[in-house]
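Please examine the sequence and the structure shown below.

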Amino acid sequence: MTGIIIITVLVVMFGFALVARRLLDLRFGVVRTLLAGMLVFMIGGPLTKSLVSPNDASVTSVWSLILAVICTLLGGLVFLVIAETLVPPGSLPGPLELVRGLRGRIARSRRYLQITRILVRHGLGPYLRGRDPDLGAPSSRARLARSLREALDDGGVTFVKLGQILSTREDLLPAEFVEELRLLQDRVTSAPWAEIEPVLVAELGGPVEETFAEFEREPLAAASIAQVYRARLKTGEKVVVKVQRPGIATVVEQDLDIVARLARTLERRTRWGRAFGVVDLSTGFAEALREELDFRVETSNMAAVAAASAGEPVHVPVPYPLLSGRRVLVMERLEGTPFRSAVLDGLDRQELAGTLFDTLLRQIMLHGVFHADPHPGNIMLLADGRLALLDYGSVGRLDGLLREALQRLLGALDRGDPLGVSDALLEVVSRPDEIDERELERELGRFMARHLVTGVAPDMQMFGRLFQIVSAHGLSVPPEVAAVFRALATIEGTLARLAPGFDIVAEARAFSVRYISEQGGPDRIREAVTQEALSLLPMLRRLPRRVERIASAAEHGRFSVNVRLFSDERDRRHVTGLLHQVLLTVLAATTGLMSVLLLGTENSPEVPGGMGLYQLIGYNLLVISAILALRVLVVIFRPNR
């Protein structure tokens, strides 16, 4: 008996799922379909008993049975529509996701408590509860910046990296925070060789001795994400091998999840979080750090910059892609001293600074592939007196159109032309539908008069002010353009340490004269005209025949223009969907109105069973009207089907 009941329940649920999917034209989740089917099974029996007499075998009894079935089905459909409204698909995790995520939640809760204790220990607890930071007095800003730096330092690798990235955002943070966060160091003890060797063997596909003739077991440098070792290939080339620390990816992913959740909480609960746009910051940080964990990205970046910068005075190490992988990077070994500890006595600092800045501008403006994080830690002074750029985890790329727009922007800045700067800037950024171009030109004119005049030394506030102008006018800076501004802001601080007093504006103008003006030289013009002519030649060859056809058609009165509306299948599908919804709405309203009129009609002919014929038809029409209305509503509540 129990087996029969279970089979009956399953048949009813399965049948209801098929009917509901057909009537509402939607697929529903298993859980909510099962719940709706159980509801149908529970109300079906009592409703049928109340409407159908067991001793009545008349036509009225058949109609009553049909009405009971339809009303039962309507109850299940109403449940599904209400569930779609209150709990949209994907808003709650499924049972399997809940079970799988339980262990992660426990680990995340422990990490939350650890981070909270760190923040409270450094006096940052009140700011998590919505208190606005006191940024009025310089002493208050310095004290808060120091507490933030110490908390990030105690938080571990992910939060140290977060602080290092924030130290490059002069457009968002006060100067005291930027200077304090620059003190963050990636200080860790080196992992033992017994932990590093399995990573190398797994990535190389065999023992270390099969690939390298020599491999020093003591690391040359150790950071929180990777360690660097000296080695020599079988072919004799001296290389350095960058190996990711084992287990670091799991720790970083856990911390990134916490950073994202904290950012959403801060933006929702605090005014300063919304003002800084902490969610966007955390998203960009997570993307950058995940790329840094995949050494294949750095290998590709390094190869691209090395190929584009061949022959440049600033050296780019050559990678070995065939020996590199997700957790191992093999590259050319450079003999020299890190810039931070290099002795520059006897060297021309101005010349080195000019060479470094000129190389970065050439990468940005001419090659379209550039080092996006040229801070002092990523620069090395080679034994022959040249500079080298290291660490290509962050590289920017610009297409030809963006490079041309940036060249026009640089040329307009050089000429002191606010109108030209405004036009070029609107080509570089994402332009909104409405913008006050005249006010933008005035703002840019004031910016140029303040920061781009002779005798005024550029500083980090110049880039911050430019970002403020862009955001104040509702302009959205694309990520690749933001990388350009970030690289220029970073190189400004590096050049200030390398050659104090270095005039970045004058050097940019000199670059414009040397290189951008070359685009207008006779050879360049001749080359551009030749390329354009070659691309237009096929069209020009077909043009006379087409003109002759048009003239002949006009002469004989056969000239016409054919315009096909809704030629795109997507447009036809969209209009068809709208007409479908309108038709269903009209049918639902019509049947509902007819049912009300029939139910309110007196002197209805009676059918066996004591019910009026008009009332019987009215109840059925009312149920049909409700089903049609539910189909329209479910489309409204779930528009992206």
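The account begins with the overall make-up of the chain and then turns to selected elements.

This is a predicted model, in which local features need pLDDT of at least 70 and side-chain atom pairs count only at pLDDT 80 or more, while totals for chains, interfaces and linings use all residues. Residues are numbered from 1 along each chain as its sequence is written, and side-chain values use heavy atoms, with hydrogens and water left out.

The chain contains 24 helices and twelve strands; these are DSSP runs numbered from the N terminus, helices being H or I of at least four residues and strands E of at least two. Of its 641 residues, 39% count as buried, where buried means under 20% relative accessible area, exposed over 50%, and partly exposed in between (1.4 Å probe, protein chains only).

Helix 13 covers residues 278-293, and its 16 residues should span 22 Å at 1.5 Å a residue, in agreement with the 22 Å between its end C-alpha atoms; the expected span is 1.5 Å times one less than the number of residues. Val278, Ser282, Phe285, Ala286, Leu289 and Leu293 are buried in this helix. Seen down the helix axis, the buried residues of helix 13 fall within an arc of 105 degrees, so they line one face; the arc is that of the directions from the axis to the C-beta atoms. The face turned away from this buried side carries the exposed residues Asp280 and Glu287.

Glu253 pairs with Arg290, their closest N and O atoms being 3.0 Å apart. This pair links distant parts of the chain, with Glu253 in helix 11 (residues 248-269) and Arg290 in helix 13, 37 residues apart. Glu253 is partly exposed at 35% relative accessible area, and Arg290 is partly exposed at 40%.

A further salt bridge joins Arg442 and Glu439, with 2.8 Å between the closest N and O atoms. Both residues lie in helix 18 (residues 437-451), three residues apart, about one turn of the helix. Salt bridges that share partners join Glu439, Arg442, Glu443 and Arg446 into one network. An α-helix has 3.6 residues a turn, so residues three or four places apart point the same way.

Where does Asn378 lie? Asn378 is in the loop between strand 7 (369-371) and strand 8 (379-382), and is buried, with a relative accessible area of 5%.

Definitions and conventions:
Salt bridge = Lys/Arg side-chain N within 4 Å of Asp/Glu carboxyl O.
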